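Student: Hi! Could you walk me through this model? I'd like to start with the charged pairs.

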Amino acid sequence: MNPTLPQNPADAPVPNVPTIFIIFGVTGDLAGRKLLPSLLSLYVKKQLPSKFAIVGFSRRPFTREEFRQLMRDNMKIKHGQFREEDVKHFLDHMSYEQGNFDIPEAYDRLAEKLDLIDKGWKQCSNKLFHLATPPSFYEVILDRLAESGLTIPCGGDLGWTRILIEKPFGNDTDTAKLLDKKLAKLFKEEQIFRIDHYLAKEALQNILTFRFANSLFEPLWNRDFVDKVHIKLFEKIDIEDRGPLYDNVGALKDVGQNHMLQMLALIAMEKPASFEAGPIRKERVKALSKLRQITARTVSATCVRGQYEGYMKERGVRPDSQTETFFRIEAHVDNARWKGVPFFLESGKAMFESRVEIDMYFSAEDSDIERQNVLTFRIQPDEGIKIRFWVKTPGYSNEVEPKTMKFRYSEMTDTAALPDAYERVLHDAVVGDQTLFADTDEVLAAWKFITPIMNVWRSIPLTFYKKGAKEV
Ligand code: BG6
């Protein structure tokens with residue numbers, strides 16, 4: 001194996017040190033949909049320390065039995081995906097602490113509970129605090145955590161404390177800076193894991209390997225040969241029952257500020273000095289910080305905002321809401337490699353299909369755009385890479401026609417067995433590998449691009465589209 005290329009840290013074993021996962025907002029949608037199923041899967045694959053506990057912290061009161069039943073019901077797992085016996089044993093590792101996020105005594109009780117678990121294990125355990133609440137609670141939780149002393153590690157390398165924090169990190173550049181300041185007071189950067197679960201998707205990680213392990217493409221990876229890049233994140237689902245949260249966020253902040261810019265960064269970045277967390281993140285930041293600012297003058301020519309019909313009637317959505325569920329932005333990375341190449345970022349809810357992919361269009365001979373070679377990274381579903389190229393139609397004709405070379409992950413491995421992005425996130429947080437997490441500079445570089453757009457965003461009238469639309 002070429003040692004300069006990304007290795008697969010998923011193979012790195014989780015240190016077998018007792019670990020407690022403390023989940024704030026354990027009764028919420030994210031915990032049920034992603035966190036608990038991922039922890040369960042890691043447990044079944046024996047990728048959690050043999051001594052582990054999950055302590056849920058939330059506002060509503062439950063008896064032990066009610067909590068257990070609620071967790072069982074909330075956990076979105078497919079019928080037959082796990083053995084009932086495993087689910088039962090997994091739930092045995094869970095306990096609950098009720099408390100309002102702003103009440104100091106609740107944190108004292110939490111501290112007692114954690115202490116009791118440690119005493120039972122006769123060891124100071126690792127503690128992973130996971131903020132899975134609406135972001136409006138982050139500040140108060142961080143304050144109370146700090147006052148309670150819970151964030152102070154009880155050991156050296158073993159017995160650490162880390163914090164996992166979900167996007168959005170702030171609401172704009174200023175609030176992101178404030179949040180960061182707060183985090184930096186409590187934790188060192190190596191203790192902070194800012195989740196962008198897209199970075200942990202297998203097909204996304206492969207972009208760097210593909211680029212730098214194959215000499216075929218890198219010489220063409222620039223403005224001389226690439227006409228445009230189109231990054232799409234389409235979802236068939238609508239906002240489901242996330243009305244109150246989503247209506248305050250909108251598509252641009254929900255997926256644009258994070259997932260889509262991360263995809264852009266992986267395409268646009270330069271080769272890192274080495275394939276370790278620091279140098280890779282540094283190059284992602286450099287690419288993001290070269291994004292050309294969109295202003296009041298350029299916004300209407302470069303951006304489209306859409307909303308699916310019926311959105312205003314969704315539960316928890318304002319009846320006159322101007323929040324977008326779709327956007328398209330023409331972005332530009334103003335550096336020597338990419339100057340002049342448009343990067344289209346396009347995302348929508350309630351679209352015809354769920355499809356996340358990146359298309360790179362290479363310049364054609366005689367600028368015949370019909371005849372371009374197109375390289376596609378399919379992130380999901382049906383992960384893979386394909387290339388459109390042209391061949392002569394067989395026979396007497398001199399016509400050319402397009403053909404496709406395809407690679408599908410499913411041909412190489414059982415894709416169902418690949419770790420889900422959240423599994424990877426949790427695994428890496430326990431191992432302490434920050435490669436697939438966003439660092440503070442990345443978050444700020446992304447806001448630096450998004451905040452000015454948000455400031456003039458509403459000047460673009462919404463385009464309404466039918467649910468299931470193929471395009472907007
Ligand atoms: C989340 C967004 O970050 O990503 C959701 O908040 C979106 O609105 C989700 O549905 C998409 O993630 P995935 O992994 O399902 O593509």
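Tutor: Happy to! A salt bridge here is a side-chain nitrogen of Lys or Arg within 4 Å of a carboxyl oxygen of Asp or Glu. Keep in mind that this is a predicted model, where local features need pLDDT of at least 70 and side-chain atom pairs count only at pLDDT 80 or more, while totals for chains, interfaces and linings use all residues. Residues are numbered from 1 along each chain as its sequence is written, and side-chain values use heavy atoms, with hydrogens and water left out.

Student: Fine. How many salt bridges does the structure hold?

Tutor: The structure holds 37 salt bridges. One of them joins the side chains of Arg-337 and Glu-218, at 3.5 Å from N to O.

Student: Where do Arg-337 and Glu-218 sit in the chain?

Tutor: In distant parts of it, 119 residues apart. Arg-337 is in the loop between strand 9 (326-332) and strand 10 (342-348), and Glu-218 is in the loop between helix 7 (202-213) and strand 7 (226-234). Helices (H or I, at least four residues) and strands (E, at least two) are DSSP runs, numbered from the N terminus.

Student: New topic: how is the protein chain divided into domains?

Tutor: Domain 1 covers 13-195 and domain 2 covers 199-465; the bounds come from an automatic or database domain assignment. Their centres, taken over C-alpha atoms, are 30 Å apart.

Student: And how many residues of each domain are in contact?

Tutor: 38 residues of domain 1 contact 32 residues of domain 2, with contact meaning heavy atoms within 4.5 Å. About 2,800 Å² is buried between the two domains, and carbon and sulfur atoms give 64% of that. Buried area is the accessible area (1.4 Å probe) that two parts lose on being put together, summed over both.

Student: Which residues of domain 1 lose the most area to domain 2?

Tutor: Lys-167, Phe-193 and Arg-194, which together make up 19% of what that side buries.

Student: What does the side chain of Lys-167 meet in a salt bridge?

Tutor: The side chain of Asp-254, at 3.2 Å from N to O. Across the interface of domain 1 and domain 2, the rule finds two salt bridges.

Student: Which elements give two or more residues to domain 1's side?

Tutor: Among them are helix 1 (29-44), strand 4 (126-131) and helix 6 (173-186). Helix 1 gives the most, with eight residues.
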